[in-house]
Amino acid sequence: MPVFTLPLGDRARLRPLEPWRAPEFLAHIDRARPTVDPWIPWASLSTDLASATATLQRYADRQAEDSGRLFGIWLDGTLVGGVMFTRFDKDAGTCEVGCWLEAAGEGHGLVTRACRLLIDWAFTERGMSRVEWWVATGNTRSIAAARRLGMTHEGTLRRRYPHRGVRQDSEVWSILAEEWPPPAPRRSEPA
């Protein structure tokens, strides 16, 4: 039984993604790899049960250190994606939120709802001053999510990191505590 489960609508749930879920996580990453590998570095590293367990254990260790957290998104009982605090620095009052989804989870507003929960918790429960969103410039779905979350584009770090031999640019987006919560999305935007 999970420590907690939060609803993300009638058919979806958010819960911690812990090492004991490695077989389910690996099956999910195998399905998600074509759409998330360009954007999530550990997707290409989680290729068998041992490496999938190691990925989840790294986040369990970060949670124990209060420096990161990892949550899965289940739709109709199947793991289809997740959200995370990739960095969480309570002393500086800043953190970074990230996300990923396999194709079966797209178009339901799951990332937006799950990230709103994480951001709200970071500001209201943990007293964070700033939540960041780092995204590769070509990841249009993630950029759209940052916009839906009310974040501001602060700039682009050119050729920040290599992926498969090609240097990638990163956009930095953020929202500040005094800007939270943002205005409700317009009707034409998915929630």
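Predicted model: local features only at pLDDT ≥ 70, side-chain atom pairs only at ≥ 80, totals over all residues.

Student: Which residues of α2 are buried?

Tutor: The buried residues of α2 are S51, A52, T55, L56 and Y59. They lie on the same side of α2, because they cover an arc of only 140° around the axis.

Student: And what covers them?

Tutor: The cover includes α1 (22-36), β3 (69-75) and β4 (78-89). On the face turned away from the buried side, α2 carries the exposed residues A50, A64 and E65.

Student: What happens at the start of α2?

Tutor: There, a side-chain oxygen of D48 comes within 3.3 Å of the backbone nitrogen of A50. Just after α2, D66 has a positive phi of about 60°.

Student: Turning to the rings, how many aromatic pairs are there?

Tutor: The structure holds 5 aromatic pairs. One of them joins F88 and W121, with ring centres 5.7 Å apart and planes at 35°, so this pair is tilted. F88 belongs to strand β4 and W121 to helix α3 (residues 110-124), 33 residues apart.

Student: Is F88 buried or exposed?

Tutor: F88 has 4% relative accessibility and therefore counts as buried. W121, at 28%, counts as partly exposed.

Student: Which residues form a cluster with F88?

Tutor: F85, F88 and W121 make up one aromatic cluster.

Student: What sits over the ring of F88?

Tutor: The charged end of R69 does, 5.2 Å from the ring centre.

Notes
Residues numbered from 1 in each chain as written. Heavy atoms only, no water. Buried < 20%, exposed > 50% of the residue type's maximum accessible area, 1.4 Å probe, protein only. Helix = DSSP H or I, 4+ residues; strand = E, 2+ residues; numbered from the N terminus. Arc of directions from axis to C-beta. Contact = heavy atoms within 4.5 Å. Polar contact = N/O pair within 3.5 Å; in protein donor to acceptor, adjacent residues only side chain to side chain. Phe/Tyr/Trp six-rings, centres within 6.5 Å; stacked < 30°, edge-to-face > 60°. Lys NZ or Arg CZ within 6 Å of the ring centre and 35° of its normal.
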